[in-house]
Every structure is written in C-alpha cells, then in structure tokens.
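Subject: Structure handover, salt bridges

Hello,

Here is the structure I said I would pass on. My notes on its salt bridges follow below.

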Amino acid sequence: MKRFTCLQALAQVAGDALVVSSAGAMTLEWYSLRPSDGNFRVRTLGLCSSIALGMALGLPRRKVIALDGDGSLLMNLCSLPTIARMSPDNLLHIVFDNEVYEASGSKKTATGAGTDLVGIARAAGVNNARWANSPEEFANAIRVALSGNKLCFIGIKVSTERAEVPPYPMDEVENKYRFIRHVERMEKIAI
C-alpha cells in the first residue's frame, strides 16, 4: 500500500486540524497535498508523538493529527503510556509503518521483525488502537476518528515507495513561526 494514497484520503477529511508530521518524505508528501500553516514539521526522529500530545493538551478544542513513522515512534515508545494516561480526546495518532528508518538510510526497524506498534499502543493503555489493512479501511478509520471525541491510534503498513513531490518550501524556523501565527489566528490567543 502506498503512503501517498493514504495521505490523499486524509487530506480530504482533515479540515482545520493541526498536523504534526515526523521527519522524512512523509512530511513533503503531506505538504504537497495540504499546504497549510497548520502543518508543523518535526525534524527530529522520535518527537512527533510527544509534540502532538502537547498540542492536543494545550488546544483541547482543536483536532490534532500526528503523522508518525515506525522508526520515529520506536525511538520514543515512552510517549505511548503518557499519551494513554493523558488521553486527549482530540488526538489522532497515525503511524505509517514501512519497516525502515526512512529518514536515515532505510535500515530495517523492529517492526520488520514482528514488533506490533498497535499492540504496544494497546498495551500502553490506548484503547482505541487499530490496524487499517487497506486504503478503504484507512479512509473509514480516519473519518470515524475525526468525527468522534476520543483518542485514536491507527497503524497502517505501507511500502517504502515515495511520491515525487516538491521540496519543503521553508526551513524549520519559518515553519515554526508560521505555525504559531496560524494557531494564534485560529484560536484567538497570543503565544
């Protein structure tokens, strides 16, 4: 299954959700489908889930979507028990599992040897954690998650294939300031 196909389905229903995306080509693919100052690009593997949790807790009336990779989440598995304990009902955590550390040379991750990230999320206490096994299942799962009010974790196995998309149009500093200004406008707050 292609990650880009899944991202296309998500772009159709994401609305005004804030999106935190992990390092790698996924961020470029997402931005090509939904160019928005409401996208926050995380350049450090492992921090996507924690940053998305903080945003969800700080902005409880806004949907927050974490676009994570298996390699990134494996570098910060301790975020899952914290996410489960805090249980923000506005957080949708999506993990695209291509079984490699894509952003750092495509070495195999533990998921290629049987580690089950959805199972780990459930064991950590994320009750609404599930695998989507087809593009149709994924599209349905994200629609349900975004229309409801409970913490959701969706894992989906994808190929390592990358879509040909333009480079990210700004550096991390510019992205951060645009994102902050976007949140200030949307939430009518000063940060």
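Glu137 has a relative accessibility of 29% and therefore counts as partly exposed. Please keep in mind that the model is predicted. The partner of Glu137 is Arg130: their side chains form a salt bridge, with N to O at 3.2 Å. Arg130 is also partly exposed, because its relative accessibility is 29%.

Salt bridges with shared partners also link Arg3, Glu29, Glu102 and Arg162 into one network. Within it, the side chains of Arg3 and Glu29 meet in a salt bridge of 2.7 Å, N to O. Arg3 belongs to helix H1 (residues 3-13) and Glu29 to helix H2 (residues 25-33), so this pair ties together parts that lie 26 residues apart in sequence. Are these two residues buried or exposed? Glu29 is buried, at 0% relative accessibility. Arg3 is buried too, at 3%, since the cut-off for buried is under 20%.

Another pair is Arg41 and Glu172, a salt bridge in which the closest N and O atoms are 4.0 Å apart. Arg41 sits in strand S2 (residues 39-41) and Glu172 in helix H8 (residues 172-187), so the pair ties together parts 131 residues apart in sequence. Arg41 has a relative accessible area of 17% and is buried, whereas Glu172, at 35% relative accessibility, is partly exposed.

As for the total, the search of the whole structure gave 14 salt bridges. The pairs described here are among them.

Regards

Notes: Residues numbered from 1 in each chain as written. Predicted model: local features only at pLDDT ≥ 70, side-chain atom pairs only at ≥ 80, totals over all residues. Heavy atoms only, no water. Helix = DSSP H or I, 4+ residues; strand = E, 2+ residues; numbered from the N terminus. Buried < 20%, exposed > 50% of the residue type's maximum accessible area, 1.4 Å probe, protein only.
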